[in-house]
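Look over the sequence and the structure before reading on.

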Amino acid sequence: MSREKAANYEKNWRQYDEWYDTHKSLYQTEIKALEKVMPSGWGLEIGVGTGRFASPLAVRYGLDPSFNMLKLAKQRNVNVIQGFGENLPFKNESFNFILIVFTIELVDDPPRFLKEAVRTLKKDGALILGIIDRNSLWGEFYEQKAAKNESYAGFSFFTPEEILEIFKNIDVEFEESFQTLFQPPPDIKDIEQPKRGFGKGGFVVLKAAKNN
Ligand SMILES: C[S@@+](CC[C@H](N)C(=O)[O-])C[C@H]1O[C@@H](n2cnc3c(N)ncnc32)[C@H](O)[C@@H]1O
């Protein structure tokens, strides 16, 4: 099932990528929230897509099953690797941080997927997730779209609390979170500044550190 969902991106890569050009304030708002938690060092984005986050956030490596998505990510100066997050082609303790944005929602077994990511993190390395909070106006908006097979088809949305529960079982310690997208869907006019925590914004960034 995960492979079928991934195949959609191979087909619809152009449409997916162009969305960021037609939602500029929203895109910049999400980048600002991610910037709050980005560490330095060797980083990997799993489900890098076309590199819309890896590139501006200086994440050196990006993994994705979709060749067409990766072609664009490469043009955006990301070092790309074709593959699935369930089986990463990296040794234990390779990275200082791993970023996963709008991808955990597509996988069949999220705890297993995250455990595999943590395997490749150095001790104290950071696991960073960017999600749409299911319990927000944006979560409701995208769940409706997904149900009609429009954008985000095949997504199973999470709440931040659900991700924190998974963190407890995969050898990481939750550190901090930021939220943004306080203006209502379908789009925002002004770029927003992120705030700490979650529960109010549509987009939530969660950061955890690998236990020693
Ligand atoms: C919604 S897109 C997000 C792309 C990028 N992170 C962004 O926010 O623009 C989801 C991406 O995850 C990739 N993907 C789907 N299943 C995957 C898997 N099992 N492992 C790694 N990546 C996967 C898709 O090919 C797609 O590029």
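Predicted model: local features only at pLDDT ≥ 70, side-chain atom pairs only at ≥ 80, totals over all residues.

Start with helix H4, residues 67-75. Met69, Leu70, Leu72 and Ala73 are buried there. These four cover an arc of only 160 degrees around the axis, so they sit on the same side of H4. Phe67 and Gln75 are exposed on the other side of H4.

After H4 comes Asn77. The phi of Asn77 is positive, near 70 degrees.

## The whole protein

Now step back to the overall picture. The protein has 7 helices and 8 strands. Its C-alpha atoms fill a box of roughly 40 × 35 × 30 Å along the principal axes.

What radius of gyration would a compact globule with 212 residues have? The value would be near 17 Å. The protein has 16 Å, which agrees. Of its 212 residues, 42% count as buried. Take the contacts with a separation of 6 or more: 65% of them join residues 24 or more positions apart.

## The sheet

The 8 strands of an open sheet follow the order E3-E2-E1-E4-E5-E8-E6-E7. The pairing is mixed. Which strands stand at the edges? They are E3 (79-82) and E7 (195-196). Each has a single partner strand, so one side of each is left without a neighbour in the sheet.

Strand E6, residues 172-180, pairs with E7 in the antiparallel sense over 2 bridges. Phe178 stands opposite Arg196 in E7. The loop between E6 and E7 holds Pro186. The peptide bond from Pro185 to Pro186 is cis, with omega near 15 degrees.

## Ile98 in strand E4

Strand E4 contains Ile98. Is Ile98 buried or exposed? A residue is buried if 20 or more other C-beta atoms lie within 10 Å of its own. Ile98 has 29 C-beta neighbours inside 10 Å, so Ile98 counts as buried.

What does Ile98 touch, leaving aside neighbours within four places in sequence? Its contacts are Leu44, Ile46, Ala117, Thr120, Leu121, Leu127 and Ile128. Trp42 and Ile98 are 56 residues apart along the chain. Their C-alpha atoms are separated by 8.8 Å.

## Two loops with positive phi

Phe102 lies in the loop between strand E4 (95-101) and helix H5 (110-119). Its phi is near 50 degrees, a positive value in a residue other than glycine. Phe102 has 19 other C-beta atoms within 10 Å. The cut-off for buried is 20 or more. Phe102 therefore counts as partly exposed.

Asp171 is in the loop between helix H7 (160-168) and E6. Asp171 is not a glycine, yet its phi is positive, about 65 degrees. It has 16 C-beta neighbours inside 10 Å, so Asp171 counts as partly exposed.

## Asn212

Asn212 lies in the segment after strand E8 (203-210). It has 7 other C-beta atoms within 10 Å, so Asn212 is exposed. Which residues does Asn212 touch, not counting those up to four places away in sequence? They are Lys123 and Asp124.

Asn212 and Asp171 are 41 residues apart in sequence. In space they are 8.7 Å apart, C-alpha to C-alpha.

## Around the ligand

How many residues surround the ligand? There are 22. The closest are Ala6, Tyr9, Gly47, Gly49 and Gly85. Helix H1, residues 2-11, gives the most to this shell, with 4 residues.

The shell around the ligand divides into 12 nonpolar, 6 polar and 4 charged residues.

Notes. Residues numbered from 1 in each chain as written. Buried ≥ 20, exposed ≤ 12 C-beta atoms within 10 Å, placed from the backbone. Arc of directions from axis to C-beta. Contact = placed C-beta atoms within 7 Å. Near = placed C-beta within 6 Å. Nonpolar A, V, L, I, M, F, W, Y, C, P; charged D, E, K, R; others polar. Rg over C-alpha atoms; globule rule 2.2 N^0.38 Å. Pairing = 2+ DSSP bridges.
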